[in-house]
Amino acid sequence: MKKIELVEKVAEEAGLTKADATRAIDATFKAITDALAEGDRIPLVGFGTFAVSKRAAREGRNPRTGETVKIAARNAVTFKAGSALKEAVNK
């Protein structure tokens, strides 16, 4: 599903205009992004939990040359689906 399709679905389900739905979705994504950037967890009951995990620095290999390369430490976004979402997907 592309963003425009999501906007159309939200507008239809919530009785909003497409412009209002777009603003609501953009605001939601910004709020989630800002919270994750600060290191917060975002539990959405029944849907799932967004969180940030820290990945340690490590060594990897270039598959083409076999040369060892250093991979820097970084933060990664994780998502764990909630039980209601799991059940809805597995009907």
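Of the 91 residues in the protein chain, 16% count as buried, where buried means under 20% relative accessible area, exposed means over 50%, and partly exposed lies in between, computed with a 1.4 Å probe and protein chains only. Before I continue, please note that this is a predicted model, in which local features need pLDDT of at least 70, side-chain atom pairs count only at pLDDT 80 or more, and totals for chains, interfaces and linings use all residues. Residues are numbered from 1 along each chain as its sequence is written, and side-chain values use heavy atoms, with hydrogens and water left out.

I turn to the overall form. The protein chain has a radius of gyration of 19 Å, whereas a compact globule of 91 residues would have one near 12 Å; this radius is taken over C-alpha atoms, and the globule rule is 2.2 Å times the number of residues to the power 0.38. Along the principal axes, the C-alpha atoms fill a box of roughly 55 × 30 × 30 Å. The accessible surface of the chain is about 7,400 Å², and 56% of that belongs to carbon and sulfur atoms; the areas come from the Shrake-Rupley method with a 1.4 Å probe, and for residues only the protein chains shown count as cover.

Next, the secondary structure. The chain contains three helices and five strands, arranged in sequence as α-α-β-β-β-β-β-α. Helices (H or I, at least four residues) and strands (E, at least two) are DSSP runs, numbered from the N terminus. Helix α1, residues 3–14, has twelve residues and reaches 16 Å from its first C-alpha to its last, close to the 16 Å expected at 1.5 Å a residue; the expected span is 1.5 Å times one less than the number of residues. After α1 comes Gly 15, with a positive phi near 70°.

As for contacts (heavy atoms within 4.5 Å), 28% of those between residues at least 6 apart in sequence join residues at least 24 apart.

Lys 18 belongs to helix α2, residues 18–37. Is Lys 18 buried or partly exposed? Its relative accessible area is 49%, so Lys 18 is partly exposed. Beyond neighbours within four places in sequence, Lys 18 is in contact with Val 7, Glu 8 and Ala 11. Ala 88 is 70 residues from Lys 18 along the chain, and their C-alpha atoms are separated by 26 Å.

Arg 41 is placed in the loop between α2 and β1 (42–44). Arg 41 is exposed because its relative accessible area is 58%. With neighbours within four places set aside, Arg 41 is in contact with Thr 49, Phe 50 and Ala 51. Lys 9 and Arg 41 are 32 residues apart in sequence and 27 Å apart in space, C-alpha to C-alpha.

Finally, Lys 80 lies in strand β5, residues 74–81. Lys 80 has a relative accessible area of 60% and is therefore exposed. Not counting residues up to four places away, Lys 80 touches Gly 48 and Thr 49.
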